[in-house]
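User: I'm new to reading protein structures. Could you walk me through how to look at one?

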Amino acid sequence: MNSETYIDFCFIRESSGRFKEEIDQLLRELFAKIRLNWYLDVKQKDGLEIIVAEIKGMSKWQSEAELIQFIETNAKEDFWTYLQGYKAFIYPQSKGGKSCGVR
């Protein structure tokens, strides 16, 4: 059963350019076969590049714990180097309503 999936990641590193492209590639590889879309909000402050990735879509995960397990198993080393925080919500679809009694 599919679940509505909402994830926010915060990635930070020292400014060196092309960070947005690198994060986009890491997310494309991590979520290659999952129906998720993302928007990357890029900021620079005090010599740091900061990217907040807002991710949403449909997934097979039924809980945040399943999502975390997937990320721990599949994320590349650079993902972990840059990740500074996250927030995730998984909302499984209900199994449907009661029969309306139509015959």
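Analyst: Let's go through the nonpolar core and then the salt bridges of this predicted model.

User: Okay, which residues of the largest nonpolar core touch the most other members?

Analyst: The general idea first: in soluble globular proteins, nonpolar side chains tend to be buried together. Here, the largest nonpolar core has 24 residues, and Phe 9, Phe 11, Ile 23, Leu 27, Phe 31 and Phe 79 touch the most other members. Helix α1 gives the largest share, five residues.

User: What is Leu 27 in contact with, leaving aside its neighbours within four places in sequence?

Analyst: With that left aside, Leu 27 contacts Phe 9, Trp 38, Leu 40, Ala 53, Ile 55 and Phe 79.

User: Now the charged ones. How many salt bridges does a search of the whole structure find?

Analyst: Side chains of opposite charge can pair when their charged atoms come close. In this model, the search turns up six salt bridges. Take Lys 87 and Asp 8: their closest N and O atoms are 3.6 Å apart. Lys 87 sits in strand β4 and Asp 8 in strand β1, so the pair ties together parts 79 residues apart in sequence.

User: And are Glu 49 and Arg 13 buried or exposed?

Analyst: Both Glu 49 and Arg 13 are buried. Their side chains meet in a salt bridge at 3.2 Å, N to O. Glu 49 belongs to strand β3 and Arg 13 to strand β1, so this pair ties together parts 36 residues apart in sequence.

Terms used. Residues are numbered from 1 along each chain as its sequence is written. This is a predicted model: local features need pLDDT of at least 70, side-chain atom pairs count only at pLDDT 80 or more; totals for chains, interfaces and linings use all residues. Side-chain values use heavy atoms; hydrogens and water are left out. A nonpolar core is a set of buried Ala, Val, Leu, Ile, Met, Phe, Trp, Tyr and Cys residues joined through side-chain atoms within 4.5 Å. Buried means under 20% relative accessible area, exposed over 50%, partly exposed in between (1.4 Å probe, protein chains only). Helices (H or I, at least four residues) and strands (E, at least two) are DSSP runs, numbered from the N terminus. Contact means heavy atoms within 4.5 Å. A salt bridge is a side-chain nitrogen of Lys or Arg within 4 Å of a carboxyl oxygen of Asp or Glu.
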